[in-house]
Amino acid sequence: MQIIIVGGGIAGLAAAVGLTIKLKDCTVILVEKRSNWAEQGSTLGLAPNGRVALRELIAGAATDVVDLNALLQENGVPTSSEHDGLMLGWWQLRDGLLDILRASDQITFHLGYVLQSMEDTEEGVTATFSSSEENNDEILHIKGDILLGADGVNSMTRKCLGLPPAEFSGTHVWRGKMLVDLEEAAASKKSGDDNNNPHAILEP
């Protein structure tokens, strides 16, 4: 079985990890519109149940693959001393999933391509991709048994299927992490001098 995954974010990579670990007879072709794996993206919260799901997802991965949960624990910031949640960079979780996939011979990556169309037949699906880079007219035609769309809010997979686009809810969420000297921040708050830590909100 050959599976095409559109989108190389956390959803697409997690799906690829699960498929290559659980289905040893399948091959995965993952196509991502970005041309590289740059360290970019916001901070995300990995809740305790998310960490449990992650452990179950990667169970059965090759023993020489990096310990993903240990890596995330090392790089993440605990959300609370009472819980097992973490705040970490989006790319840190992505890179951990990538490390697992790079150790597999079941997956092929194509970076810098955007889905343009798909044709569904009794024999499977043929997806056509164009380059996302300027001055590159290369076209990819990829055949598979299944196509999995994991290409985000502005999904081309949804568009090709004739589904309505996602609607803006009117809500913005900004998330990030930074190191703060808690003693200094507490002293600044007590003295009423918020200029030293203009972006830190300190609550009991």
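Author: A helix axis is a line fitted to C-alpha atoms over the stretch in contact, and angles run from 0 to 180 degrees between N-to-C directions. This is a predicted model, in which local features need pLDDT of at least 70, side-chain atom pairs count only at pLDDT 80 or more, and totals for chains, interfaces and linings use all residues. Residues are numbered from 1 along each chain as its sequence is written, and side-chain values use heavy atoms, with hydrogens and water left out.

Reader: At what angle do helix 2 and helix 3 pack, and how far apart are their axes?

Author: The angle is about 145 degrees and the axes are 10 Å apart. Helices are DSSP runs of H or I with at least four residues, strands are runs of E with at least two, and both are numbered from the N terminus.

Reader: Which residues make this contact?

Author: Helix 2 contributes Arg51, Leu54, Arg55 and Ile58, and helix 3 contributes Leu68, Asn69, Leu72 and Gln73; contact means heavy atoms within 4.5 Å. These residues divide into four nonpolar, two polar and two charged.

Reader: How do you know that the buried residues of helix 2 line one face?

Author: Helix 2 (residues 48–58) has Arg51, Leu54 and Ile58 as its buried residues. Seen down the helix axis, they fall within an arc of 55 degrees, and therefore line one face of helix 2. The face turned away from this buried side carries the exposed residues Asn49 and Glu56. The buried residues pack against helix 1, strand 3, helix 3, strand 5 and helix 4. Gly60, with a positive phi near 100 degrees, follows helix 2.

Reader: Why is Leu30 called buried?

Author: Buried means under 20% relative accessible area, exposed over 50%, and partly exposed in between, with a 1.4 Å probe and protein chains only. Leu30 has 0% relative accessibility and therefore counts as buried. Leu30 is in strand 2, and its contacts beyond four places in sequence include Ile5, Trp37, Phe109 and His110. Gly7, another of these contacts, is 23 residues from Leu30 in sequence but 6.9 Å from it in space, C-alpha to C-alpha.

Reader: How many residues line the largest pocket, and which lie nearest its centre?

Author: The lining has 25 residues, and Lys33, Arg34, Asp151, Gly152 and Val153 lie nearest the centre. The space in this pocket is about 630 Å³. Strand 2, helix 4 and strand 7 each supply at least two lining residues, and strand 7 gives the most, with three. The lining divides into 11 nonpolar, nine polar and five charged residues.

Terms used. Arc of directions from axis to C-beta. Nonpolar A, V, L, I, M, F, W, Y, C, P; charged D, E, K, R; others polar. 1 Å grid on protein atoms, 1.4 Å probe; cavity = no way out; pocket = protein on both sides within 12 Å on 5 of 7 lines; lining within 4 Å. Points joined across faces, edges and corners; volume = space filled by probe spheres on them.
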